Amino acid sequence: DKGGAGKAADAGKAAGALTIGFSQIGSESGWRAAETKLAKLEAEKRGINLKVSDAQQQQANQIKAIRSFIAQGVDAILLAPVISSGWDEVLGEAKAANIPVVLLDRQIDTADPSLYLSAVTSDTVEEGRVAGRWLVSTLAGRDCRVVEIQGTIGASLVANRKKGFEEGISTAANVQIVRTQSGEFTRAKGKEVMEGFIKAEAPGTICAVYAHNDDMMIGAIQAMKEAGLKPGSDILAVSIDAVPDIFKAMADGDANATVELTPDMASRAYDLLAAYKKDGTQPPKWVQTPSTLYLPDTAAAEYERRKDLY
Ligand code: AHR
């Protein structure tokens, strides 16, 4: 009997001959860049011919890329969908061409789940819950006015990260979101949004910031510092992704917590595609990645461990 590693190695071999098209959203965050990097690296290890198309945040570009992959007759398509709606037609075309599609890191809204083979994502509601629960436990009964920096509006995970956080803080009536705005998952926008929050709120009244990703938090940290505030102590900072820079910020005392989203989504997709192509093995519809909370105590070590991987 072969152990997990043996099986994975076989799957890797079977994937060897595959040509896979990857419609990637863009490079809005450090997390996204790491996901692309790992997708390429893992493809190379397996001898997969990976074609990556960068959509520059535009769904229209993703639809074009998928049509081009279909025309090229690829063996499979990976799709990281920038927003959740509007995929039925093009995924119907992929299905008609018998090309399996695996969703990466975000889900889609569809009444027809047969349009994709599997989705590799985290539980994005749970990510928000983990962040919210951490805040409530840290406050230990204190009141807290929270500002929230959301990701790209229309993306499946943004509504979920909001909902989860609200659930996480629902046990504490004195912890409330007082302002919320999209920072589009980028550092520059995160900074801009935080500057706006600081101006709009009376001095000293923001107690915590929750950002839907670390990059926006890095921008927000910059904004707080420029306003003469101490992020991490004057204003608590919790976000999602676990990229190296947030560990650096935590080690420096500028941030307090992050919830990990692994950027290694593609290797899971390659493995299930290899098995599916080999003998039709049906993968689970949802391959769930973990949502682990990280705190400053391990930040320096985590930074060292991750800095070259990303
Ligand atoms: O879909 C995953 C999200 O997209 C990450 O949390 C964020 O950094 C990225 O841009």
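Reply: A search of the whole structure finds one cavity of 30 Å³ or more. The model is predicted, so local features need pLDDT of at least 70 and side-chain atom pairs pLDDT 80 or more, while totals for chains, interfaces and linings use all residues. Residues are numbered from 1 along each chain as its sequence is written, and side-chain values use heavy atoms, without hydrogens or water.

A cavity is a set of points on a 1 Å grid, over the protein atoms alone, where a 1.4 Å probe fits but cannot get out. Points are joined across faces, edges and corners, and the volume is the space filled by probe spheres set on them.

Lining residues have an atom within 4 Å of a point. Among them are E28, W31, R32, D105, R161, F185 and D241. Two helices, α2 (30–46) and α6 (156–169), each supply at least two lining residues. Helices are DSSP runs of H or I with at least four residues, strands are E runs of at least two, and both are numbered from the N terminus.

Now follow F185 out of the lining. Q150 touches F185, along with others including V158, K162, T180 and H212; residues up to four places away in sequence are not counted. Touching means heavy atoms within 4.5 Å. Q150 is found in strand β6 (residues 144–150). Is Q150 buried or exposed? Q150 counts as buried because its relative accessibility is 11%. Buried means under 20% relative accessible area, exposed over 50%, and partly exposed in between, with a 1.4 Å probe and protein chains only. The Q150 side chain also makes a polar contact with the side chain of T180, at 2.8 Å. Such a contact is a pair of N or O atoms within 3.5 Å; within protein, one must be able to donate a hydrogen and the other to accept it, and residues adjacent in sequence count only if both atoms are side-chain atoms.

The largest pocket has a volume of about 210 Å³. Of its 14 lining residues, I99, P100, S114, L117 and Y276 are the closest to its centre. Helices α4 (88–96) and α10 (266–279) each supply at least two residues of this lining. A pocket is an open set of points with protein on both sides within 12 Å along at least five of seven lines.
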